[in-house]
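Here is a short report on a protein structure. Keep the sequence and the 3D view open while you read.

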2 protein chains.
Amino acid sequence: MAYRTPVRDMHFLLEHAAGLDAVRATGAFDDLSDDLVASILEEAGRFADEVVAPLNPVSDRQGARLENGQVVTTPGFKEAYAQYVEAGWNGLAFPEAWGGQNLPATLALAVFDALCGACLSFTMGMSLTQAAVKALLAHGSDEQRTLYLPKLTTGEWTATMNLSEPQAGSDLSNLKCRAEPVGDGTYKITGTKIWISYGDHDMTQNICHLVLARTPDAPEGTRGISMFLVPKYRVNEDGSLGDFNDVRVAGIEEKLGQHGSPTCVMSYGDAGECLGTLVGEENAGLKSMFVMMNAARIDVGMQAASVGEASFQHALAYAQGRVQGRPYGVKTGQQNPIYDHPDVRRMLFTMKALTEASRALCYANMAAYDVAHRSSDAEAMAQAKRREELLTPLSKAFSSDRAIETTNLGIQVHGGMGFVEETGAAQFYRDCRVAAIYEGTNGIQAIDLVGRKLGMEEGGLAYDFLDEVEAGAEALRASGHEGLAAAGERMAAEAKRLRETTAWMLTAMRTETEAGLTGAVPYQDQFGYVAAGHYLLRAALAALGEKGGAVDAYLEGRIAIAAFYADHILPRAEGLAAVVTAGAGSVAPIDPELLIA
Amino acid sequence: MAYRTPVRDMHFLLEHAAGLDAVRATGAFDDLSDDLVASILEEAGRFADEVVAPLNPVSDRQGARLENGQVVTTPGFKEAYAQYVEAGWNGLAFPEAWGGQNLPATLALAVFDALCGACLSFTMGMSLTQAAVKALLAHGSDEQRTLYLPKLTTGEWTATMNLSEPQAGSDLSNLKCRAEPVGDGTYKITGTKIWISYGDHDMTQNICHLVLARTPDAPEGTRGISMFLVPKYRVNEDGSLGDFNDVRVAGIEEKLGQHGSPTCVMSYGDAGECLGTLVGEENAGLKSMFVMMNAARIDVGMQAASVGEASFQHALAYAQGRVQGRPYGVKTGQQNPIYDHPDVRRMLFTMKALTEASRALCYANMAAYDVAHRSSDAEAMAQAKRREELLTPLSKAFSSDRAIETTNLGIQVHGGMGFVEETGAAQFYRDCRVAAIYEGTNGIQAIDLVGRKLGMEEGGLAYDFLDEVEAGAEALRASGHEGLAAAGERMAAEAKRLRETTAWMLTAMRTETEAGLTGAVPYQDQFGYVAAGHYLLRAALAALGEKGGAVDAYLEGRIAIAAFYADHILPRAEGLAAVVTAGAGSVAPIDPELLIA
């Protein structure tokens, strides 16, 4: 079955979950009429469905490969990418001065959503290129911007993100890549980087690597890391391409999924001829890289939700077409499509509810980003920044963990056919798996949440959010709609429990860090169920008409899925509360020899 | 890192979770001394570790393939299988009269556990062959037994299980394969069967297919299905091989995992020359097949737990060797193995606890089988039969669902390396995925649980089990060990909640079946967490010495993992209780067109 961008769902969640009105209120965007939003989504959907989606099975079977030291991408990627650039999709949310269209990042995220649902491995380079534009807008020099932004904004060139080295992955303090000043403002870069998505490819003329490295006298640890812009081909002052810059691909990984996305081992300066320029200040590289990283984290959450959508559509089509079994207890007569079986619908609605909740969360996260970066009101800006900070680890971790579950159910709905590669269900399961790992594993996200994010204002970011969740729960309870009122009850109970574990976590991180860290991932899970549910239910409430019912069948469906979330998914948060507070003793080290005996 | 059969863990769980004493008390087995059990497990472990485990990565890369109409298996499979037969492993639990060793099926299951952990795709044929022996012992004619059992018991020939056809998978009522009586007691078989594991291979001289088919005048539906024994090569009266029996492989599937296990499309009687003999009575084929199916279901649960073990060992070794990061807040100095991070241990202990709980459940299930089939005490036999019936869907579904989680965590512990195929972590994730599907999807298991099993004695099987769980919880509370006492509290609370959802489910299945079926899988999950936890904690309690402490470090580790289960896993049952009772309204059909909009 062919993927179809869920344009109406996206539009609905942009308006009612993310709250596009708050983005409009920034005054930074000329026209964000319903019609404009709808027409952009429809056009993106058309491109995704017709041009990109057909590449998805091809990308799995004919993935990126290394040939004579160059990466050759999946047949069709180059042509589709050219159309993407030509249509201006890459620059949607960037300043007009650099060739962009000055639309909200939230809307650009919805476009990215459409593309990821169509073919995940096609999108990774775009995400990193856009993240690099954000980093250069924030920290690049005038010269860097002038030379690179016109090409990166449009996507004529792509960019990469170079952090990891074999001995430095989740912990960058041991990073060894070196940058020696040449004397003319440039640096000679030497070293090896791993996990470089789209580190090489054949889709554009140049590739711009943002590389973390150490200058000769840099202090040890993460305070001695600087960020460099290192192009594959040097760029002349007039913007034209110059010499090869001694940037090589040492290998590409054979991966569980995303075969279309080349994951490269990059070698810089093998011949001593690799030049880079400093981005931002020396030894402040992590700060610049985190602009890129934070953007990428929301994108990763989005990627996962999008693959969940594709997996859902695929499984739904199968459930409509596959005829097997009859109502319980009926032994003879005509058989039914398996969609008619309650447990099959339970699986499908779980997939849809998790996908929509993840989408709602990611969109809301990006709407906060838009307000935080573009509002003319300093107070609104500050509040939105706090929300953006809080939601980023949740968007990334919740959406990626839930996409593993969603795509797993996608296989299960297919029965035996799900285990057969030809069906396509397994590809979603394989492709999305890395989302829980890259751009910081979900364990790292949890440390960010309980350490840095709860650490701000003694949990103020979380408590303010819980105030909003509780107000939302009250509105649901007062809605006059039976299902949503019940959802409000459940949400109020879960918000209360989350308030308690938040208080526990704040104390633990101050007084018994190991206990806090033991509960960090369960806490992040608990928070994720509440936060994503909040945004999903907020949208469902908006779907209610004045008489306590939805005005059309589509909106009734929205409400039903949100109510399903409250009935079937949200109660998991209850089971997590006790786990969060289990304490460090529960994971006291055991001699590994006694664990395999 | 090399797989190592956890011989001591197995022995411990056989004695204290499964309760080998009850098996001894049947009086059906000559010698089940500790020494004998230990030496069998050690020898099986040696074979698994040294001969079978090295084949696992090979099986993934050089899977079974079809060549000139014959399946060629992974290099090394044939030789390893010959050793398996030679050592007598296949007949461990079968009568000496047929070449077996008259040992308990529980012990044979532990041997199977060792082999599955070493290389899952190698084991599928053995499981089906043993299941076929059970079916022929129960329903085969004297002639069938005489001709086939000597070869099947030893594994010199293998067997397959033929149920599914393209239009008849989970629902067999539409089965079309035909069997026409020839007049001499044999039948001409024609038709196509799919999902036939080891339907063809090059490891033995003959393959015996147990095939469901319809005779010409059979009634419609499942009451018109008979079971036939259909060899690849006919068997002469003296037991020697005769002519080719017109059994062909029409194709093999390209699967997500288990590449070493050929999954065949079988075509019977293309030339009208395929002969079979009836097993059991005409039109009673499902009854005979269910002997095979029930055995296979426990084996599938075991397979999943075994792969969980292998995944755990692999991840633990990585966590000991991979040095990354320092204690929270420490910025410089020596880095630590990631095993030192609380969240990494949380993941590893989750893997180990889920694996051990699944193993405990499967072993206990098979111990009930042994008593049910071999006891000299009619009452003990009847009670054990009830327990075997109740536990079978739980062993199959709980272990397979939890193995998906375990192997998923196995990838996560590896970080980025987990997504790279070379590492091997992803193979476990791929290989085990089908366990939740084959031998009846886990949704089918749930229908068996809430329909057939709860339907017996108005829930009496479940209530009696809950009595035992509550007695166990009381013993834990009285143990004087802090962790186990807390586990007893939690277990008592979950048993109470499960009693409530059981009562709800019984009513629902009588009065509002759709509501019951909507809650069936969540109920099965809830029951699984309680049941597996019960057996795990029962063993942990046995590890306690007289003074309320364990007598050695190994046993302390057992107790710690069981207590971890109570702290980190069992609370999920709390979150499931509300989901079970959500009702049919929560999955009321939505027009699929409104779900992709």
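Helices here are DSSP runs of H or I with at least four residues, and they are numbered from the N terminus. Keep in mind that the model is predicted.

Start with A:D30. This residue lies in the loop of chain A between helix 2 (20–24) and helix 3 (34–52). Is A:D30 buried or exposed? A:D30 has a relative accessible area of 74%. The cut-off for exposed is over 50%, so A:D30 is exposed.

Together with A:D31, A:D35 and A:E96, A:D30 forms a negative surface patch.

Side chains of opposite charge can pair when their charged atoms come close. How many salt bridges are there over all chains? The count comes to 86.

Take B:K151 and B:E156. Their side chains meet in a salt bridge, with N and O 3.9 Å apart. B:K151 is partly exposed, at 27% relative accessible area. B:E156 is partly exposed too, at 37%.

Next come B:E389 and B:K453. Their salt bridge has an N to O distance of 3.5 Å. B:E389 lies in helix 11 of chain B, and B:K453 lies in helix 13 (residues 442–455), so the pair ties together parts that are 64 residues apart in sequence.

Why are B:K496 and B:E500 separated by about one helical turn? They are four residues apart in helix 15 (residues 482–511) of chain B. B:K496 is exposed, at 52% relative accessibility. B:E500 counts as partly exposed, at 45%.

## A network in chain A

Salt bridges can also be linked up. In chain A, a network of them links A:D9, A:D113, A:E309, A:K352, A:E356, A:R359 and A:R558. Find these residues in the 3D view and trace the links.

## Positive phi angles

Most residues other than glycine have a negative phi. Two residues go the other way. A:N283 is not a glycine, yet its phi is positive, at about 65 degrees. A:N283 is found in the loop between strand 12 (275–279) and helix 9 (285–321) of chain A. With a relative accessible area of 28%, A:N283 is partly exposed.

Where is B:E439 found? B:E439 sits in the loop between helix 12 and helix 13 of chain B. B:E439 counts as buried, at 12% relative accessibility.

## Sequence distance and space

Now look at two pairs of residues. B:H414 lies in the loop between helix 11 (378–413) and helix 12 (425–432) of chain B. B:H414 has a relative accessible area of 3%. Buried means under 20%, so B:H414 is buried. B:H414 and B:A319 are 95 residues apart along the chain, and their C-alpha atoms are separated by 7.6 Å.

Turn to A:A82, which is found in helix 5 (residues 77–86) of chain A. A:A82 is partly exposed, with a relative accessible area of 45%. A:A82 and A:R145 are 63 residues apart along the chain. How far apart are the C-alpha atoms of A:A82 and A:R145? The separation is 23 Å.

Definitions and conventions:
Residues numbered from 1 in each chain as written. Chains lettered and ligands numbered in written order. Predicted model: local features only at pLDDT ≥ 70, side-chain atom pairs only at ≥ 80, totals over all residues. Heavy atoms only, no water. Patch = residues over 30% accessible without salt bridge, like charges linked within 9 Å, V, L, I, M, F, W, Y side chains within 5 Å. Areas by Shrake-Rupley, 256 points an atom, 1.4 Å probe, with all protein chains shown as cover. Salt bridge = Lys/Arg side-chain N within 4 Å of Asp/Glu carboxyl O. Lys, Arg positive; Asp, Glu negative; His and termini not counted. Charge placed at Lys NZ, Arg CZ, Asp CG, Glu CD. Helix = DSSP H or I, 4+ residues; strand = E, 2+ residues; numbered from the N terminus. Buried < 20%, exposed > 50% of the residue type's maximum accessible area, 1.4 Å probe, protein only.
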